[in-house]
Amino acid sequence: MNASAQLLICAMTLGPIWFERHEIDQFAAGYQVAVADLTGNGRPDVIALSTEANRVDWYENPGWRRHELARTARNIDLAPHDVDGDGRPELALASGFHFADGTRGGEIQWLDQPDERGASWRVYPIGRDPVPHRLRWGDLDGDGRAELVHAPIFGPGSRGPSRMTPCHLWAFRVPDDPGGQQWPVWKIDETLSVLHGIWVGPLDHDGRDEVLTASFEGIWRFDFEPDRGWRKQQLATGAPATSDRPGAARGSSEVAPGQLGPGRPIVAAIEPWHGHEVVVYSPPVEADGLWRRHVLDGSLREGHALVVADFDGDGQDEIVAGWRGAGGGLALYDPVDPAGMRFVKQQIDGGIAVEAAVACDIDGDGHLDLVAIAGRTNNLVWYRNRRAARKQ
């Protein structure tokens, strides 16, 4: 479906932020979405992944013409990055996802963008690890070259949450010849269980990216220090288990950091695993204590997407959460006090079963927009940020 001729479906007035909903395509069993300028025209294109339909496609901005990218089996996550240094984004892809069988699958590979439009993307292996779930790029050691962080949801030999084994939180280093040499494995941690969400990026301005994880053990921060190796710090325990049944949901499911202004960090989460709560954490009173937990919303059904960004340009980040159960939905939580104790919930969409979402300036107007993908309602949608007036 070419969405360039699609009419505006609906518009929602959200106080200072006004989103317009634009359908990019009907996308069967969509699970993950990413953005990257694949054409070099300065506009971010949209890359969409389906697990059940075994497809990865990209949509050209503007106009949203669809291009086939890959037809690998049981896809689960993707992460664009210029792997070979040719100035064009390639794609890291995790496939072979078998939720209840940690003895097979787990292909991690990178796809090289062809020189000619319409040609097939070349596929090269990176590694193999069962039950892959999240891929993110980050310069973890500060050498100017990004590593690929790989976080499976379960460990090898697992049988879903009822029989868990520790997860491999690994990074793959890019070799000089990424298409012809083996990618070295850099082990970060192998202790967490049901590792559902990760975030990779700069937190302390030391020239190295950090890793935040959301698992049954709550939220952890991993920071590489050249003279000490990996330093592991627990920020929060997450939500407690509500049942003694093996595999009962607990801890954290998604995690993303933000700022309420200079020197006022927060960490947002969805809890527990596939949970119903949107949570914001504020720094601890004691320097070595756990971060303080505040529940913003307890009404989600299978929360599965989390975005933290400044959509209205006021210097304070908003939180966007998406859920896939009971018809799904997408909501924004806007801070109304500098301490981060009070947020106003604003509904963005009440009819999309969101699996993943990302913030990006899609139309080049200087305001962050949203792109969301939905599996049960089979949507690929972008929400145009039409007004970003400063809060009064």
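Residues are numbered from 1 along each chain as its sequence is written. Local features need pLDDT of at least 70, side-chain atom pairs count only at pLDDT 80 or more, totals for chains, interfaces and linings use all residues, and side-chain values use heavy atoms, with hydrogens and water left out.

Begin by colouring the protein chain by pLDDT, the predictor's confidence in each residue, from 0 to 100; the chain has a mean of 93, and 94% of its residues reach 70 or more.

Next select residues 1-14, where pLDDT stays under 50 and the model has 36 contacts beyond four places in sequence, a contact being heavy atoms within 4.5 Å. Then select residues 388-392, where pLDDT also stays under 50, with 16 such contacts. Where pLDDT is low, the predicted coordinates should not be read in detail.

Move on to the open sheet, whose four strands lie in the order β19-β20-β21-β22 with antiparallel pairing; strands are DSSP runs (E, at least two residues), numbered from the N terminus, and two of them pair if DSSP finds at least two bridges between them. Because β19 (254-259) and β22 (292-297) each have a single partner strand, one side of each is left without a neighbour in the sheet.

Within the sheet, select β20 (residues 265-271) and β21 (residues 277-282), which are joined by five bridges, and look for Val-267, whose bridge partner in β21 is Tyr-281.

Finally, select Cys-167, which is buried (under 20% relative accessible area, 1.4 Å probe, protein chains only) at 2%, and then Cys-360, buried at 15%.

Definitions and conventions:
Buried < 20%, exposed > 50% of the residue type's maximum accessible area, 1.4 Å probe, protein only.
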